[in-house]
Amino acid sequence: MMRAALITALAMATPAVAQQSFAAPDGCTGKLTVQHRGCVMVNVWTCEADAAGDQWIALIGQNGVFSVQRVDDQFQWMESYKVTGNETLQVPAADPASLDELFATGLDTWDFTLDTDDGPERHVGFDMLTGETFVIGNETLLETEFQGRTLDVDGNEIYAGSGRQFVSEKHRLFFLGQAWDDENPEQVRDSSPVDFIYPGEAGFFVNQPRYECNVIESGFRP
């Protein structure tokens, strides 16, 4: 039921319905909306049937939803449903992503494999706290630096990227920031958060990005 609802969301959240509200699946409750720069936004929800600490994140661009993923309380990418294909985490991971490690030591390395429609993809990299803290509205966010590589089943590098993101101890979530391909570090994509919106507030669980649309259509690479 959950997968069917997510695929429906991917198909239906297009500019034709851009002014409508985004609906969480049955048995789930909307928690947070974040509007970002670069014509990107996210809606976050939790579901009664999931393990404690699990959260769902929908990433939405000018043309609608392009990714829906479930993360656990350590921000491991458990499963994703994307317009480019679906992904599922192989567990246990060789070096699982760990928010606990990041908050305790300032550095978290990770090495995990996703089963994708095109075969296994290995992701290797790190997240590191920079020591900088930002306050956006009433939200306190910690800045991180990251670097990651994606490898195919034969160990060939598919992609390498770096950047700076934000992480929230309150929400136990990462939020987009600045990112670039390692081959073209001068081409920086800035998708930093601008507004945090809660249930009952104007703009909660809409399905249309607010900032810098019709200027740049941002893609997302984890």
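Student: Are Cys 39 and Cys 213 buried or exposed, and what makes a residue one or the other?

Tutor: Both Cys 39 and Cys 213 are buried. Buried means under 20% relative accessible area, exposed means over 50%, and partly exposed lies in between, with a 1.4 Å probe and protein chains only. This is a predicted model, in which local features need pLDDT of at least 70 and side-chain atom pairs count only at pLDDT 80 or more, while totals for chains, interfaces and linings use all residues. Residues are numbered from 1 along each chain as its sequence is written, and side-chain values use heavy atoms, with hydrogens and water left out.

Student: Why is the link of Cys 39 to Cys 213 called a disulfide?

Tutor: A disulfide is a pair of cysteine sulfur atoms within 2.5 Å. The S to S distance from Cys 39 to Cys 213 is 2.1 Å, so the pair meets that cut-off. Cys 39 lies in the loop between S1 and S2 and Cys 213 in the segment after strand S13 (193-197), so the link ties together parts that are 174 residues apart in sequence. Strands (E, at least two residues) and helices (H or I, at least four) are DSSP runs, numbered from the N terminus.

Student: Which other cysteines does a disulfide join?

Tutor: Cys 28 is joined to Cys 47, with 2.0 Å from S to S. A search of the whole structure finds two disulfides. In sequence order of the bonded cysteines, the pairing is 1-3, 2-4.

Student: What makes the disulfide of Cys 28 and Cys 47 right-handed?

Tutor: The torsion about its S-S bond is about 100°, so the disulfide of Cys 28 and Cys 47 is right-handed. Cys 28 sits in strand S1 (residues 28-36) and Cys 47 in strand S2 (residues 40-47), so this pair ties together parts 19 residues apart in sequence.

Student: How do you know whether Cys 28 and Cys 47 are buried or exposed?

Tutor: Cys 28 has 14% relative accessibility, so Cys 28 counts as buried. Cys 47, at 11%, also counts as buried. Buried residues make up 50% of the 222 residues in the protein.

Student: What is the pLDDT over residues 1-19?

Tutor: pLDDT is the predictor's confidence in each residue, from 0 to 100. Over residues 1-19 the pLDDT stays under 50. Residues 216-222 are also below 50. Where pLDDT is low, the predicted coordinates should not be read in detail. For the protein, the average pLDDT is 89, and 87% of the residues score at least 70.

Note on methods: Contact means heavy atoms within 4.5 Å.
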